[in-house]
Structure formats: C-alpha cells, structure tokens
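Hello,

Here is the structure I promised to pass on to you. Have a look through it first, and then read my notes below.

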Amino acid sequence: MPRGDKHQALVAELLAVFVARGFTILAADGIPGYPVPRRFRNDGYGDQEPKAPDLYGFDERQKRFVIGEAKTGEGDFETEHALTQYNVFLDQFDPATGLQAQLFVIVPAGKVAEFNTMITHYIHRDYWPSIVVVSGSSA
C-alpha cells in the first residue's frame, strides 16, 4: 500500500474513533462529505507556516475542540513539518472558554512506543495531558 493510502486509511480509522466518542465532526481531510480542515495560524513555531490537521471536531461532553492527525511512522514523526504541526495544534484554545484543544494522533500499533518517546522528547510536558495517542490497526 503506498504511503498516501496508509495515511488516508489511518485518517479514516481516526474519524471512526471520533464518531464512536460522539464528537461532532467539523472537517476531515480526504473524506467525502466533509469540508477540508482550515489551516491554523502559526504563532512562531518551526517552519512558521500555518498547519491544517487531518480532522477537526468538537467534544460536546468536555466542551473542547479536538484535532486529529495521522502519522504512518515512515519518517513522518520528527520532520520539521510534523514538529510544527504538534506545536501549532496544541496552541489552539477556544476563544469562548479558553480550553486547549485536545490533539489525537493515530499511528500504527507497532509504532506507538516510538511515537511516545519522540513526543515526550520534543513537546513540553505541560502539553502532554492534551495529547491522546491512538493505536491504529491500519498500515
């Protein structure tokens, strides 16, 4: 399966997780029937470019936005683009409530430990509670 197909399979799998958790899906990249997620402003991280997630939704129960990103583990965990994404997505706060968005990252099951090691090395510990790593069956 080409890398793009693996990525898209993980996006679809994470979308199913969002739906199962009862999140309102606001946008989903490459999924028919959903708008493409908007790019979030970058306040000075990494490559300085705005970043769009794979999924964007709202958790009505916790009253906070949820952002979803899929990573295949094939050289896409620690790129400048990826590291910038994590920081930009974790820097999103609801203007009405001030609550930080929760970042869900889906990776293949065999890559979870590698991702967790990487994320704790690169992301400030204050942000760790807002990161949910999902073990994917795809890819």
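**Salt bridges and a sheet**

Aspartate 47 is partly exposed, at a relative accessible area of 23%, while lysine 51 is buried at 5%. Here buried means under 20% relative accessible area, exposed means over 50%, and partly exposed lies in between (1.4 Å probe, protein chains only).

Please keep in mind that this is a predicted model, where local features need pLDDT of at least 70, side-chain atom pairs count only at pLDDT 80 or more, and totals for chains, interfaces and linings use all residues. Residues are numbered from 1 along each chain as its sequence is written, and side-chain values use heavy atoms, leaving out hydrogens and water.

Aspartate 47 and lysine 51 form a salt bridge, with their closest N and O atoms 2.7 Å apart. The term stands for a side-chain nitrogen of Lys or Arg within 4 Å of a carboxyl oxygen of Asp or Glu, and the count by this rule is six. Another one joins lysine 63 to glutamate 60 (2.1 Å, N to O); lysine 63 is partly exposed at 40%, and so is glutamate 60 at 44%.

Five strands make an open sheet in the order 1-2-3-4-5, with mixed pairing. Its edge strands, each pairing on one side only, are strand 1 (24-28) and strand 5 (131-136). Strands are DSSP runs (E, at least two residues), numbered from the N terminus, and two of them pair if DSSP finds at least two bridges between them. Strand 4 (residues 102-108) pairs with strand 5 in the parallel sense over six bridges.

Enjoy exploring!

Methods. Helix = DSSP H or I, 4+ residues; strand = E, 2+ residues; numbered from the N terminus.
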